[in-house]
Amino acid sequence: MQKEAERAGIPSALITAIPSVASSVGVSRIITGGGIPYPVGDPTLPAEREKEFRRRLVEKALEAVCSDVDGPTVFNVSIA
Amino acid sequence: MKLERGYFEIKDLVFGNSLSLRNGILEINKDELEEYLLTEDENDNIETIALEIVKPGDNTRIVHVLDTVMAGVKVEGEGEFMPGHGSAPLIAGSGKTHLITNLAIMECAELPWAGKSALLYPRDAIVDMTGPAAPYSPFSETFNLILRMEMVQDSSDVEYDNSVRNAGIRCARYIAELIRELTPDETEVFDFDTEVDPALPKIAYVTQCQNQGVYSNTFLYGHEVWNIVPTYLNPTEMMDGCVVSGNYVWPCFKVPSWIQANMPAVMELARGHGKQWNFVGVVFDRGHNDSHFLKQRAASLASNLVRRLGADGVLISWEGGGNAATDAMLTLQICENWGIKAVPYTFEFGGPDGREGILLVDDVPEAKYVVSTGSIEKPTTIPAVERVAGGDCLRLRKETGGEPEPADIERTLDVITAFYCGANQSGIGKLAGVPY
């Protein structure tokens, strides 16, 4: 889906637990998420820290969307 | 470690008045064995057990297959066959073991689907003894003793899982006691104690099991391996059944206990040990780690063991679907980057003609050679059959809540996922490569 959006000229980014799969299928902007059962969070963190982690993921994804990239590029965030 | 395996091949399997093996005919007292298994079932989770016999060539479909175990007994040496199950978790793999090579004890039951996640629920697994789907399962060629079980209502998943597995293992032990004192038809010795020619290439094997919770677990020495740190196993420990399966999720991707004790890569590498190569051992691991971090960690630790074993080359295989491919490919990548040649074998996708969509869920540029064990996206029509064993219906659709459907009719399945062991992930199977 990310690739198709990109092809249609819409800059986009994918938050995923498995960046290697995203890279190998050619996704341009990849954000390493929490885990397979929870890509956009991490319930093992205390609630406040998880909220911060989620915020960082989304902000990193927005930053990625605004960045020019050449081929699959992985953006990482630190766990809050 | 040095292990002698004594093999017994049966010519027939029948119900009769005694438990005996004479002239290759294995006779089982049905009532006695059923009663024994019910009596031994802790907490009475099994409502009924009916034993059934299914033979190669029978016009029969086996359904609801959960795990399949081998009848084996430790004759000399530490531990038991399938150590840690109803026995102490002592290190097996040395001394002598007697086994019936062509008998499969199959646990069959409908386990509950209610409240299960989208992926990890006990799907219906099919073995066809004849017809086009028969070659998908190695158990279309074995004498099969079916434990057809009905479970009581409202027990927990953990209890169902334990009861089903223990019944299968108890049944296998009960029968294997017969062959303890008998002289095997054939013996084979696997000697890993004697030094081998240092010039031989050193080969390791990484086997990644599935372990994601009850109904998708694998047991090592009697305990599931959610928190496992990749570990070293002597090949003979695997042959003695130190790995037991409790994985019921995707039929085609399962590696039953019967195969875990007869892993093609382990057997083939062990048979060539000291002659064609130096088989330096097995690295046992689990895939489906939850995050990229955990996948990298497992892959790093597994690769580190391969390196410590001094391997020049490594074979890698994994149980389960696409998620687990990533753990294996990361392991391959690290090994290759350290100069250790790594070759995986795996099922592929590719649609009915092999050219549609993706072939593998994940791969890395370092995977230069990949052995295909066949596509799982081949539509297959299974014919009507005279008899159904293991149960009397099929549950194939989660969206209907697993509404029972007739099991004996002809039907076309778009993919092969319902065929027990059909993705050949252990390397067992009947496929051959054909250039075109």
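## Chain A: order of elements

Helices (H or I, at least four residues) and strands (E, at least two) are taken here as DSSP runs, numbered from the N terminus. With that in hand, chain A reads α-β-α-β-α-β along its sequence, for a count of 3 helices and 3 strands.

This is a predicted model, in which local features need pLDDT of at least 70 and side-chain atom pairs count only at pLDDT 80 or more, while totals for chains, interfaces and linings use all residues. Residues are numbered from 1 along each chain as its sequence is written, and chains are lettered from A and ligands numbered from 1 in the order in which they are written.

## Chain A: size and packing

The radius of gyration (taken over C-alpha atoms) can be set against the globule rule, 2.2 Å times the number of residues to the power 0.38. For chain A the value is 13 Å, close to the 12 Å that the rule gives for 80 residues, so chain A is as compact as a globular protein of that length. Its C-alpha trace spans about 40 × 20 × 15 Å along the principal axes.

How much of chain A is buried? A residue is buried if 20 or more other C-beta atoms lie within 10 Å of its own, exposed if 12 or fewer, and partly exposed in between, with C-beta atoms placed from the backbone. By that count, 30% of the 80 residues of chain A are buried. Two residues are in contact if their C-beta atoms, again placed from the backbone, lie within 7 Å. Of the contacts in chain A with a separation of 6 or more, 47% are between residues 24 or more positions apart.

## Chain B: overall picture

Turning to chain B, its secondary structure comes to 7 helices and 27 strands. The C-alpha trace spans about 60 × 50 × 45 Å along its principal axes. A compact globule of 436 residues would have a radius of gyration near 22 Å, and the 21 Å of chain B agrees with this.

Buried residues make up 50% of the 436 residues in chain B. Among its contacts between residues at least 6 apart in sequence, 79% join residues at least 24 apart.

Most residues other than glycine have a negative phi. Two loop residues of chain B deserve a look here.

B:Y215 sits in the loop between β14 (202-209) and β15 (216-220), and its phi is near 80°, a positive value. B:Y215 counts as buried because it has 22 C-beta neighbours inside 10 Å.

B:Y221 lies in the loop between β15 and β16 (223-224), with a positive phi near 50°. B:Y221 is also buried, with 22 other C-beta atoms within 10 Å.
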